[in-house]
Amino acid sequence: MPILQVEGLSHSYGERRVLRNLSLEIAVGESVALLGPNGSGKSTLLRLVAGLITPTAGRITLAGSAAAAGRSEVGIVFQETRLLPWRTVLRNVTLPLELAGESLVTARATAAAALTRVGAGGLLDRSPAEISGGERGRTALARAMVRTPSLLLLDEPFAALDAITRARLDDELPELVAGASTLLVTHDVAEALLVADRVLLLSADGEIALEVPGLRGIPSAERRAALLSPEGAARQMRLYAALDSVAHA
Amino acid sequence: MRRLSQLTPLVVAALLLAAWEFGVHVAAIPQFILPAPSVIAVRFAEAWADGTMLRHLVPTVTEVTVGGLLGGALGLLFGVTLGLSGSARRVVSPYLVAAQSTPILALGPVLVLWLGPGLAAKVAVCALITLFPVAISTLVAVRDVDAGTLELMRSIGATRWQTLRYARLPAARSGILAGARVAATLAVVGAIVGEWLGGTAGLGILLNLARGSLFDTPLLFADLLQIAIVGVSAYGLVLLIERVTSRRIA
């Protein structure tokens, strides 16, 4: 059974339609990246899957039941890290556990382990204002993963970072989130190929226009090289060409 | 450089006092019109030494503390309720504004009629005058929390109450405290106005005594100085709370 099943999904904001009859499935442990021009409904799809908005039409089934806000099977990383500035890094990550009624002692231990896993174990008592953009990204990732979700939704999580930090996190991401299925929204073709098993391209009116295999299955040390290999370059070119075509359709 | 900027207000105050002292002597202004700062200082010390000031200070501080806390708590409650509920806001806001637009001096006699000339009426005046700034600042701060933060709270399963406790109130802290700063000084105004409506002791009563039956202008000014000290202390207390809570990143 797939972890996520989207059937005939459409969504409109008033008169403006952003998704049209979209269907997709994500298998357990699979990573899918969504590319598309602005306004094609990529972020809307993530919000629909997270249960934060209700679709105009269609059905979303998550781990066998309908999508709803706050389900522990789903973790989401927003484009802005949305760390609470009045809480330390550790307490930002304990928050989902505190809300679920876990004791602070247990929550602290679990959150510290999640932060260590994403390479932010040295930041526990720091304020979000004191850490770098990359560290904030790692903290937001740890917060999304602290409830060990089956599906991780990533909405351009590294878009605001500098190129070097972003490249490093793109290289690390498949290993950081290992075990969870992921649905990544991005504008970056290379990022999509590096972190996903499948890359889907959404057209301007929110239909899947193209599907290209990603490079996630390749060992991390060889992934960048694979991206620059003739085959990787060909996949990038196909995606760039299709992106250009749907953006100007 | 920082020490110099900290000293500047004191230097300005010393210069103003010196000019006042000098001006009063040079222009030979009678003491019952405008006493010199040195005369006020001596009268201030005398009023403390003979117990006059303390006798009148205690009731005023009590009214400011009880009335301010009551008004602040009610303002917080109103502000949070109205900040969370659009329909409550539409129903209650016009009445809140109307109540605030009515001069507190006009409401005073009604409060004395209902609550008597004792502590209760003065506390009520203080509470009413402090309620509005706290309610409005809380309403705005709680209502206008960043939409992204609220979406985050929904995504991690927060209930309405948890969102209030973990996101809205901490995010609204500085807005609420800005209202509390205004309320702290208004509480002193409320206490003085309340005392003018009747009573036997309080800094407001002492103002009337010094101006009227005692005809003691230096005492009048010493009392004004004492009222200012109470106001600045109340304001300083809110600032202290603001500093202590801002350091507490949990």
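Q: What should be known about the model and its numbering?
A: The model is predicted: local features need pLDDT of at least 70 and side-chain atom pairs count only at pLDDT 80 or more, while totals for chains, interfaces and linings use all residues. Residues are numbered from 1 along each chain as its sequence is written, and chains are lettered from A and ligands numbered from 1 in the order in which they are written.

Q: Which residues of helix 3 of chain A are buried?
A: They are A:Ala107, A:Ala111, A:Ala114 and A:Leu115. Viewed down the axis of helix 3 of chain A, these buried residues fall within an arc of 95 degrees, so they line one face of the helix. The arc is that of the directions from the helix axis to the C-beta atoms. An α-helix has 3.6 residues a turn, so residues three or four places apart point the same way.

Q: What covers those buried residues?
A: The cover includes helix 2 (89–99) and helix 4 (133–145) of chain A. Contact requires that the C-beta atoms of two residues, placed from the backbone, lie within 7 Å.

Q: How does the span of helix 3 of chain A agree with its number of residues?
A: At 1.5 Å a residue, its 14 residues (104–117) should span 20 Å, and the end C-alpha atoms are 20 Å apart, which agrees. The expected span is 1.5 Å times one less than the number of residues.

Q: And what follows helix 3 of chain A?
A: Helix 3 of chain A is followed by A:Gly119, with a positive phi near 80 degrees.

Q: Which residues other than glycine have a positive phi?
A: Among them are A:Ala63, at about 50 degrees, and A:Glu156, at about 40 degrees. Most residues other than glycine have a negative phi. A:Ala63 lies in the loop between strand 4 and strand 5 of chain A, and A:Glu156 in the loop between strand 7 (151–155) and helix 5 (163–176) of chain A. A:Ala63 counts as partly exposed because 18 C-beta neighbours lie inside 10 Å.

Q: What is the strand order of the open sheet?
A: The 4 strands have the order 2-1-4-5 (chain A), with antiparallel pairing. Strand 2 (16–26) and strand 5 (65–66) of chain A stand at the edges with a single partner strand each, so one side of each is left without a neighbour in the sheet. Two strands pair if DSSP finds at least two bridges between them.

Q: How many bridges join strand 1 to strand 2 of chain A?
A: There are 7 bridges between strand 1 (residues 4–13) and strand 2 of chain A, which run antiparallel. The bridge partner of A:Leu4 in strand 2 of chain A is A:Ile26.

Q: Where is A:Arg126?
A: A:Arg126 is in the loop between helix 3 and helix 4 of chain A. Leaving aside neighbours within four places in sequence, A:Arg126 is in contact with A:Thr88, A:Val89 and A:Ile131.

Methods. Helix = DSSP H or I, 4+ residues; strand = E, 2+ residues; numbered from the N terminus. Buried ≥ 20, exposed ≤ 12 C-beta atoms within 10 Å, placed from the backbone.
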